[in-house]
Amino acid sequence: MAKTTTHQRKIGNLGENIAATHLEKKGYQILDRNYSSRYGELDLVAKKGSYLVFVEVKTRTSNAFGMPEASVTADKFERICNTGLFWLQDHPEEPDDWRVDVIAIQLDQNHHIRDIHHFENILL
């Protein structure tokens, strides 16, 4: 039986594609998508120069639950960091200088980009 994709997952996938394109236009190389470990998932892993970036993508179609970036809590940040360390163990050839970025995307009702913000090197 085929697994159906929820509306939220479709919006999430769309947001991750938008974020990847946004990063590539800014000179980033996308190394991985949806990497999972026992700690959580990394939406995108990117590299720019000698810097590795673990990217959390948050996409919203309304502000009913607040701004997209507001959903990245200290607990979520810790899970991203721990998952990133796992990713580094799986990819020892990659640089060990890293940071966590958040890309917050707001879409209109037709799923067109209304707003996109790239928050670099977040610290919670």
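Biologist: Which side chain makes a polar contact with the side chain of Glu16?

Modeller: The side chain of Arg9 does, at 3.2 Å; a polar contact is a pair of N or O atoms within 3.5 Å, where within protein one must be able to donate a hydrogen and the other to accept it, and residues adjacent in sequence count only if both atoms are side-chain atoms. This is a predicted model, with local features needing pLDDT of at least 70 and side-chain atom pairs counting only at pLDDT 80 or more, while totals for chains, interfaces and linings use all residues. Residues are numbered from 1 along each chain as its sequence is written, and side-chain values use heavy atoms, with hydrogens and water left out.

Biologist: OK, and where does Glu16 sit, buried or exposed?

Modeller: Glu16 belongs to helix H1 (helices, H or I with at least four residues, and strands, E with at least two, are DSSP runs numbered from the N terminus). With a relative accessibility of 5%, Glu16 counts as buried, given that buried means under 20% relative accessible area, exposed over 50% and partly exposed in between, for a 1.4 Å probe and protein chains only.

Biologist: How exposed is Arg9, then?

Modeller: Arg9 is partly exposed, its relative accessible area being 33%. Arg9 also forms a salt bridge with Glu16, where the closest N and O atoms are 3.2 Å apart; a salt bridge here is a side-chain nitrogen of Lys or Arg within 4 Å of a carboxyl oxygen of Asp or Glu.

Biologist: What else does Glu16 touch?

Modeller: Leaving out residues up to four places away in sequence, Glu16 touches Arg9, Arg33, Asn34, Asp43, Leu44 and Val57, with contact meaning heavy atoms within 4.5 Å.

Biologist: How many salt bridges are there by this rule?

Modeller: The count comes to seven. One of them joins Lys58 to Glu56, with the closest N and O atoms 3.3 Å apart; Lys58 counts as buried at 17% relative accessibility, and Glu56 counts as buried at 3%.

Biologist: Which residues are linked in a network of salt bridges?

Modeller: Lys26, Arg99, Asp101 and Glu120 are linked in such a network. Within that group, the side chains of Glu120 and Lys26 meet in a salt bridge at 3.8 Å, N to O. Glu120 lies in the segment after strand S5 (113-119) and Lys26 in the loop between H1 and strand S1 (29-36), so this pair ties together parts that are 94 residues apart in sequence.

Biologist: And how exposed are those two, Glu120 and Lys26?

Modeller: Glu120 is partly exposed, with a relative accessible area of 45%, and Lys26 counts as partly exposed at 33% relative accessibility.

Biologist: Changing topic, where is Trp98 placed, and how exposed is it?

Modeller: Trp98 is in strand S4, which covers residues 98-107. Its relative accessible area is 26%, so Trp98 is partly exposed.

Biologist: Which residues does Trp98 touch?

Modeller: Not counting residues up to four places away in sequence, Trp98 touches Tyr51, Leu52, Phe54, Cys81, Leu85 and Leu88.

Biologist: What separates the C-alpha atoms of Trp98 and Arg60?

Modeller: Their C-alpha atoms are 27 Å from each other, and Trp98 and Arg60 are 38 residues apart along the chain.
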